[in-house]
Each structure stands twice: as structure tokens, then as C-alpha cells.
Amino acid sequence: MSAVSSDFGYLSGHSLSKSSVDELKKKAANLSQIDKVDLDFSDFHSEMASFKYQAAAMMDNFEKSSHFDILQLIYKYSLTDAYPNTTIAIRIFLTIPVTVATCERSFSKLKLIKHYMRSTIGQERLSSLAIISIENEVANNIDFDDVISEFASRKARKVALN
């Protein structure tokens, strides 16, 4: 957790406003070396120099802004073309799972669904059953009459009578 925080922490408003341009370039270079597939080294460290000042000028409370606030700013003003690597880096940080509980829950549900008695289940059916099992609160609130009506209206064979 601390490694992820040290890699991406400089993208918050507080760190961007307090860090010098050279520090931001070094941190961007380090991050682009870690993730060579998604981030372009030559563009990313030069983006950080101009992004710091532009974001500060566009936000009222820039120093207290979070990563999410900065990402919203980028999308609000359509800056994704101007700062593609910054956008990608923030999106990566915001989508990294904090815990592995969701993954562990998925595997434990799979053990319940696919056991030796049901070993020949197809992939699509297994995925669908797993989603229903994991999201059982949503599945319990489904009105079956509405589902049947929707299915019947989509699959009805309509013949035009002349």
C-alpha cells in the first residue's frame, strides 16, 4: 500500500502544488519506468510541468483537491488530449483495488457454484451464475413478471396480417 502511495501520491493537489517542476518530472519518470506499457516516458514528464500550473489556475481549491477531483477537472474541461498520460496515471491509481476481498469472495463463490457434481458447466453459464451469486441482493429484488414480459416482448414472433 505504501509503495502504491509513493508511486502515485504526487498526483494529488497538495503534492502537485508543493512540489517543484523538477521533482514532478523525476516522479513522473519513475512512474513511467514502472508502467512502461501505459505511460509514455518522454511525454509524461513534460506533461507534469504544464499540468501543475494549468490545474492550479483552473481549480479554486487546488491544494486540497484529491486525485478524483483532479480527474474530474481533466474530464470537465476535456483535457484528456492535452494530458493523456496524466489521465491514465490517475485512472490507474483510482482503480487499483485496496484489498483483495472482492477477488477472494469471487473465488469462494466459484467453489460453491462449480463443484464435482457440476463439473461440466459452460463458461458463460458459470459466469452468469457467479454474478447472480455475488450480487444476490440485486438478484433478490428482481421482479420476475417484468423480466418475463420483457423477454416475451423481445422474442415474440410478429406476423404481419394483410
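**Labels and their grounds**

Tutor: Keep in mind that the model is predicted, and that tyrosine 83, with a relative accessible area of 4%, is buried because buried means under 20%.

Student: How many aromatic pairs are there by the ring-centre rule, and why is the pair of phenylalanine 51 and tyrosine 83 called edge-to-face?

Tutor: The count comes to two aromatic pairs. In the one formed by phenylalanine 51 and tyrosine 83 the centres are 5.0 Å apart and the planes 70° apart, so the rings pair, since the centres lie within 6.5 Å, and the pair is edge-to-face, since the angle is over 60 degrees. The pair links distant parts of the chain, with phenylalanine 51 in helix α4 and tyrosine 83 in the loop between α5 and α6, 32 residues apart.

Student: Why does phenylalanine 51 count as buried?

Tutor: Its relative accessibility is 1%, and buried means under 20%, so phenylalanine 51 counts as buried.

Student: What makes histidine 67 buried, and where is it found?

Tutor: Histidine 67, found in helix α5, has a relative accessible area of 11%, which is under 20%, and is therefore buried. A polar atom of its side chain lies 3.1 Å from the backbone oxygen of phenylalanine 8, and beyond its neighbours within four places in sequence, histidine 67 is in contact with residues including Phe8, Ile90 and Phe93.

Conventions:
Residues numbered from 1 in each chain as written. Predicted model: local features only at pLDDT ≥ 70, side-chain atom pairs only at ≥ 80, totals over all residues. Heavy atoms only, no water. Phe/Tyr/Trp six-rings, centres within 6.5 Å; stacked < 30°, edge-to-face > 60°. Helix = DSSP H or I, 4+ residues; strand = E, 2+ residues; numbered from the N terminus. Buried < 20%, exposed > 50% of the residue type's maximum accessible area, 1.4 Å probe, protein only. Polar contact = N/O pair within 3.5 Å; in protein donor to acceptor, adjacent residues only side chain to side chain. Contact = heavy atoms within 4.5 Å.
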